Amino acid sequence: MTGPQILHASCITAFGRGLLLRGRSGSGKSSLALALMALGAELVADDRVVLECRGDHIVACAPSPLRGLIEARGLGLLNAAWVREAPVRFAVDLDQTEPDRMPPPRHLALLGHEIPLFYRIENIHFASMLMQLLKAGRYET
């Protein structure tokens, strides 16, 4: 079993599924998390995410000093309702832009597990698309 790992990332949860938001500083992790929260998602962690293996899945939580805080660039740190932990079911890489209309399945290796991975989509409905992904998953042929 692998020990906990801390990533520079954000994580939200909705419908019992966690979404890990990865990308370099300034890529929009916190902004996307805020957009998802406006649609009903709950904050798990912003800026730093602690990942830990639990059985056959990965669980995300926030380091204690950052619990319930999210950065809003230009406003500062905001208080937010948060959940203690969430199982990570999907990941988004905000450093990569999706070139395909119907992208192939991609995966991110984390702590010995494969998590479905998606790239940034340049569309004003990206947050809504991600909420639907969390709600019902992706159709696989």
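Trainee: At what angle do helix 1 and helix 2 pack?
Mentor: This is a predicted model, where local features need pLDDT of at least 70, side-chain atom pairs count only at pLDDT 80 or more, and totals for chains, interfaces and linings use all residues. Residues are numbered from 1 along each chain as its sequence is written, and side-chain values use heavy atoms, without hydrogens and water. Find residues 29-38 for helix 1 and 126-136 for helix 2 (DSSP runs numbered from the N terminus: helices H or I, at least four residues; strands E, at least two). Their axes (lines fitted to C-alpha atoms over the stretch in contact, with angles from 0 to 180 degrees between N-to-C directions) sit 9 Å apart, and the angle is about 65°.

Trainee: Which residues of helix 2 meet helix 1?
Mentor: Start on the helix 1 side, with Leu32, Ala35 and Leu36. By class, this contact (heavy atoms within 4.5 Å) has 7 nonpolar, no polar and no charged residues (nonpolar: Ala, Val, Leu, Ile, Met, Phe, Trp, Tyr, Cys, Pro; charged: Asp, Glu, Lys, Arg; polar: the others, Gly among them). On the helix 2 side you'll find Phe126, Ala127, Leu130 and Met131.

Trainee: Which element supplies the largest share of the lining of the largest pocket?
Mentor: A pocket here is an open set of points on a 1 Å grid over the protein atoms alone, where a 1.4 Å probe fits, with protein on both sides within 12 Å along at least five of seven lines; lining residues have an atom within 4 Å of a point. Strand 10 (113-120) and helix 2 each bring at least two residues. The largest share, 5 residues, comes from helix 2.

Trainee: How many charged residues line the second largest pocket?
Mentor: Of its 13 lining residues, Gly26, Lys29, Ser30, Glu71 and Arg73 lie nearest the centre. Strand 1 (5-14) and helix 1 each give two or more, and helix 1 gives the most, with 3 residues. Sort the lining by class and you get no nonpolar, 8 polar and, for charged, 5.

Trainee: What is the angle between the planes of Phe90 and Phe118?
Mentor: They make up the 1 aromatic pair in the structure (ring centres within 6.5 Å, using the six-membered ring for Trp beside Phe and Tyr; planes under 30 degrees apart are stacked, over 60 edge-to-face, the rest tilted). Phe90 is in strand 8 (residues 85-97) and Phe118 in strand 10, 28 residues apart, so the pair links distant parts of the chain. This tilted pair is 6.1 Å centre to centre, and the planes are at 55°.
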